[in-house]
Amino acid sequence: MNKYMTIFKKIIDWEISSEIVYEQDNLIVIKDINPKAKIHLLIIPKKEIATINDLKDEDRELLADMFFVAKKIAKDLWIEEGYNLQFNVWPKWGQEVMHLHLHLLSNI
Ligand code: AMP
């Protein structure tokens with residue numbers, strides 16, 4: 001088990017609710033509870049990986065899936081012409097939840 005058992009794991013396991021906008025076998029996408037833009041989504045792998053630093057070779061496909069899902073959602077939401085994708089890594093650079101997640105933000 002991940003030593004940083006997080007709120008995202010509880011969301012993935014349906015122990016607490018959240019606004020899930022997309023789900024596939026290996027990841028979910030939820031609305032950020034404290035949005036910093038008109039659209040602020042979090043792309044979260046179901047696998048417990050704490051940070052980018054903890055990625056293993058076997059996670060390459062999962063990481064690629066995160067970006068392809070970002071692309072799909074940007075298309076679905078008509079924000080293809082302007083959005084930001086962001087990973088915060090460790091608390092010194094703003095990572096609050098120690099479960100890997102990709103922020104997708106847009107003000108379009
Ligand atoms: P980070 O600072 O990169 O770790 O981002 C964590 C994000 O998770 C922040 O933008 C929070 O607003 C968001 N967040 C925390 N708890 C929840 C929750 N229960 N549901 C949705 N988003 C959350």
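**Around the ligand**

This is a predicted model, so keep that in mind throughout. There are 17 residues around the ligand, and the ones that come nearest are Asp-32, Gly-94, Glu-96, His-101 and His-103.

Now the polar atoms. Which part of Gly-94 faces a ligand oxygen, backbone or side chain? The backbone: one of its N or O atoms lies 2.6 Å from an oxygen atom of the ligand. His-103 uses its side chain, with a polar atom 2.8 Å from a ligand oxygen. Lys-36 also uses its side chain, and there the distance from a polar atom to a ligand oxygen is 3.1 Å. How much of the ligand does the protein bury? Taken alone, the ligand exposes 500 Å², and the protein buries 90% of that.

Next, the site. The ligand takes up the space of the largest pocket. Two elements give two or more residues each to the shell around the ligand: helix H1, residues 7–12, and strand S2, residues 27–31. H1 supplies the largest share, with 3 residues. What is the make-up of that shell by class? We have 7 nonpolar, 6 polar and 4 charged residues.

**Two buried glutamines**

Let me move to Gln-95. Find it in the loop between strand S4, residues 84–86, and strand S5, residues 102–106. Its relative accessibility is 4%, so Gln-95 counts as buried. What does its side chain reach? A polar atom of the Gln-95 side chain lies 2.9 Å from the backbone nitrogen of Trp-90. On the Val-97 side, the backbone oxygen lies 2.9 Å from a polar atom of the Gln-95 side chain.

Now Gln-24. This residue is in strand S1, residues 20–24. Is Gln-24 buried or exposed? Buried, because its relative accessible area is 19% and the cut-off is under 20%. Its side chain makes a polar contact of 2.7 Å with the side chain of Tyr-22. Another polar contact, of 2.9 Å, joins the side chains of Gln-24 and Asn-26.

**Ala-70 and His-103**

Over to helix H2, residues 60–76, where Ala-70 is found. Ala-70 has 0% relative accessibility, so it counts as buried. How far is Ala-70 from His-103, in sequence and in space? They are 33 residues apart in sequence, and their C-alpha atoms are 9.1 Å apart. Recall that His-103 is one of the residues that come nearest the ligand.

**Two tryptophans to look at**

Last stop: backbone angles. Trp-14 is not a glycine, yet it has a positive phi of about 60°. You will find Trp-14 in the loop between H1 and S1. Trp-14 is exposed, because its relative accessible area is 63% and exposed means over 50%.

Trp-90 is the other one. Its phi is positive too, about 70°, and again it is not a glycine. Trp-90 is in the loop between S4 and S5. With a relative accessible area of 42%, Trp-90 is partly exposed.

Conventions: Residues are numbered from 1 along each chain as its sequence is written. This is a predicted model: local features need pLDDT of at least 70, side-chain atom pairs count only at pLDDT 80 or more; totals for chains, interfaces and linings use all residues. Side-chain values use heavy atoms; hydrogens and water are left out. A residue is near a molecule or strand if one of its heavy atoms lies within 4 Å of it. A polar contact is a pair of N or O atoms within 3.5 Å; within protein, one must be able to donate a hydrogen and the other to accept it, and residues adjacent in sequence count only if both atoms are side-chain atoms. Accessible areas come from the Shrake-Rupley method with a 1.4 Å probe; for residues, only the protein chains shown count as cover. On a 1 Å grid over the protein atoms alone, a cavity is a set of points where a 1.4 Å probe fits but cannot get out, and a pocket is an open set with protein on both sides within 12 Å along at least five of seven lines; lining residues have an atom within 4 Å of a point. A molecule sits in a cavity or pocket if more than half of its atoms lie within 2 Å of its grid points. Helices (H or I, at least four residues) and strands (E, at least two) are DSSP runs, numbered from the N terminus. Ala, Val, Leu, Ile, Met, Phe, Trp, Tyr, Cys and Pro count as nonpolar, Asp, Glu, Lys and Arg as charged, and the others, Gly among them, as polar. Buried means under 20% relative accessible area, exposed over 50%, partly exposed in between (1.4 Å probe, protein chains only).
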